[in-house]
Amino acid sequence: MKYKFPLIRNINDVLPAIDGAPEFLVSDRGDHKVITYHVSFKDTFPDVNDYNSAIRRECRGIAFANDGRIIRRPFHKFFNLNEREETQMNNVDFIAHTIFNKLDGSMIAPYKVPGKPEINWGTKAGFTDFSLDVYNWVAKQKDIDYNKFVNDMLDDGVTPIFEWMAPNNRVVIDYGREPRLVLTAIRDMETGEYFDVHTMNMLANAYSIPVVDIVHSGEVSKEFLDALRTRENLEGVVIRFKDGHMLKVKCDWYLQLHKTKELLAREKDVVSMILNESVDDIKPILQKQDFEQLEAFEKDFSLAFKRIVDGVLYELEYSKQYDKKSYALERKSEVPYWQSYSVFKFWDKEFDYGIIEDYVKDYILKNSLTGSNYESKIRPMLGNCMRWAPTTLG
């Protein structure tokens with residue numbers, strides 16, 4: 001972890017380090033290029049023991065003009081405490097550092113293309129549709145001149161790095177109804193050096209720019225970090241050392257909730273949790289909006305499930321007036337697939353409500369393993385049951 005940030009002036013300083021590594025993407029935006037990674041393999045970010053391995057850790061949104069000059073240098077790739085051998089607790093010197101709140105939003109590192117006056121409020125991928133939200137919000141600010149600050153920083157050859165938190169960009173933590181754009185770092189584009197905390201705060205205060213909160217400075221103990229992990233309503237912290245290198249420490253509460261939100265991202269998984277009776281385990285850690293949506297979907301799904309079971313039972317009773325051949329010829333095409341399938345499965349077998357309920361439950365679970373099966377086989381069964389809307393969860 002302790003290495004000197006590589007000097008980068010031109011895109012040709014970077015390209016050889018990622019040659020032959022398909023996980024890195026050089027996006028041509030017409031008037032500039034953005035280099036980032038879209039997936040991380042075991043050898044994507046090796047231990048830094050040469051120039052190229054150090055360069056790779058810079059490829060998370062670094063940008064270059066068409067003439068090759070560097071125009072943006074956001075955060076380098078850094079890791080969680082105890083995630084790798086180099087970040088194990090016993091390999092880290094915790095004497096001199098600053099601990100910042102880790103904000104739960106999206107990184108915004110603005111940049112400008114030579115010859116064009118407008119600021120690109122870029123995410124890791126560069127200027128995207130999402131960046132327009134930040135651009136429009138900044139334009140409406142009367143008390144804080146973000147554009148003046150950013151222009152002055154870029155003119156000095158440094159990249160200001162922000163975190164954007166907004167209601168329509170919520171990840172896990174709810175920061176309220178009003179968007180926020182908070183400065184988290186300032187970085188020299190060529191050397192990669194980070195401004196020290198005092199200088200960053202002094203510059204930000206001169207422009208009235210909000211800055212990320214400092215939790216602690218100086219030496220820290222294992223007991224302090226263990227206590228930190230137990231905190232709630234906090235993603236975690238970033239430990240920044242004097243040389244600019246950093247570590248992340250996530251709170252257990254956040255990790256649990258983030259994992260839960262991944263489970264809640266797809267309707268098929270929510271349905272599986274309901275049928276496996278595990279959905280109640282996650283309700284206590286949900287915030288009000290998420291909890292209410294889950295309760296509403298669970299109620300609607302339960303009614304749909306009962307309609308399905310009742311429909312199968314009705315068809316099983318109705319089929320008794322046919323023999324197998326006449327049912328297949330005269331009735332099968334008139335009813336939904338899952339009902340006719342059930343009839344043949346239980347032909348000449350005993351059944352009651354409980355048996356059919358278990359059968360329907362098993363059928364839905366087996367066909368909820370993949371999104372394609374769920375959409376083609378299960379969704380039609382649910383009829384007008386409300387759609388799960390993961391976007392409300394951030």
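Predicted model: local features only at pLDDT ≥ 70, side-chain atom pairs only at ≥ 80, totals over all residues.
1. I'd start with H8 and H9. Helix H8 covers residues 267-275 and packs against H9 at an angle of about 75°, the two axes being 11 Å apart. Anything from 65 to 115 degrees counts as roughly perpendicular, so that is the label for H8 and H9. On the H8 side the residues involved are Glu267, Val270, Val271, Ile274 and Leu275, and they meet Leu294, Phe297, Glu298, Phe301 and Phe305 of H9. The make-up of this contact is 8 nonpolar and 2 charged residues, with no polar ones. The spacing along both helices is worth a look with the helical repeat in mind: an α-helix has 3.6 residues a turn, so residues three or four places apart point the same way.

2. How many of the residues of H8 are buried? The count is 9 of 9, so the helix is mostly covered. Just past the end of H8, Glu277 has a positive phi of about 60°.

3. H9 also packs against H11. Here H9 (residues 288-318) and H11 (residues 337-345) make an angle of about 50°, with 9 Å between their axes. That puts the pair in the oblique class. The crossing of H9 and H11 is right-handed. H9 contributes Ile308, Gly311, Val312, Glu315 and Leu316, while H11 contributes Trp338, Gln339, Ser342 and Val343. Sorted by class, the contact of H9 with H11 holds 5 nonpolar, 3 polar and 1 charged residues.

4. H11 has another partner in H10. The angle between H10 and H11 is about 175°, and their axes lie 11 Å apart. An angle over 145 counts as roughly antiparallel, so H10 and H11 fall in that class. Lys324, Tyr327 and Ala328 are the H10 residues here, facing Ser340, Val343 and Phe344 of H11. The contact of H10 with H11 divides into 4 nonpolar, 1 polar and 1 charged residues. Note that Val343 turns up in the contact of H10 with H11 and also in that of H9 with H11.

5. Have a look at Tyr322 while you are in this region. Tyr322 sits in the loop between H9 and H10, the latter being residues 324-331. Is Tyr322 buried or exposed? Its relative accessibility is 16%, so Tyr322 counts as buried. Leaving out residues up to four places away in sequence, Tyr322 touches Tyr327, Glu330, Arg331 and Trp347. One of these, Tyr327, also belongs to the contact of H10 with H11.

6. Asp152 belongs to helix H4 (residues 146-155) and is buried, at a relative accessible area of 19%. The cut-off for buried is under 20%, so I'd quote the percentage along with the label for Asp152. Its side chain makes a polar contact of 2.6 Å with the side chain of Tyr207. The other one is Glu86, in the loop between strand S5 (79-80) and strand S6 (97-101). Glu86 is buried at 14% relative accessibility, and its side chain is joined to that of Arg57 by a polar contact of 2.9 Å.

7. Now for the backbone. Most residues other than glycine have a negative phi. Ser208 is not a glycine, yet its phi is positive, about 60°. Ser208 lies in the loop between helix H5 (197-207) and strand S10 (214-217), and it is partly exposed at 46% relative accessibility.

8. A last point on Ser208. Which distance separates Asp143 and Ser208 in space? C-alpha to C-alpha they are 8.1 Å apart, against a separation of 65 residues in sequence. Asp143 sits in the loop between helix H3 (129-140) and H4, and it is exposed, with a relative accessible area of 72%.

Note on methods
Residues numbered from 1 in each chain as written. Heavy atoms only, no water. Helix = DSSP H or I, 4+ residues; strand = E, 2+ residues; numbered from the N terminus. Buried < 20%, exposed > 50% of the residue type's maximum accessible area, 1.4 Å probe, protein only. Polar contact = N/O pair within 3.5 Å; in protein donor to acceptor, adjacent residues only side chain to side chain. Axes fitted to C-alpha atoms, helices over the stretch in contact; angles between N-to-C directions. Parallel < 35°, antiparallel > 145°, perpendicular 65-115°, else oblique. Left-handed = near helix turned anticlockwise from the far one by under 90°. Contact = heavy atoms within 4.5 Å. Nonpolar A, V, L, I, M, F, W, Y, C, P; charged D, E, K, R; others polar.
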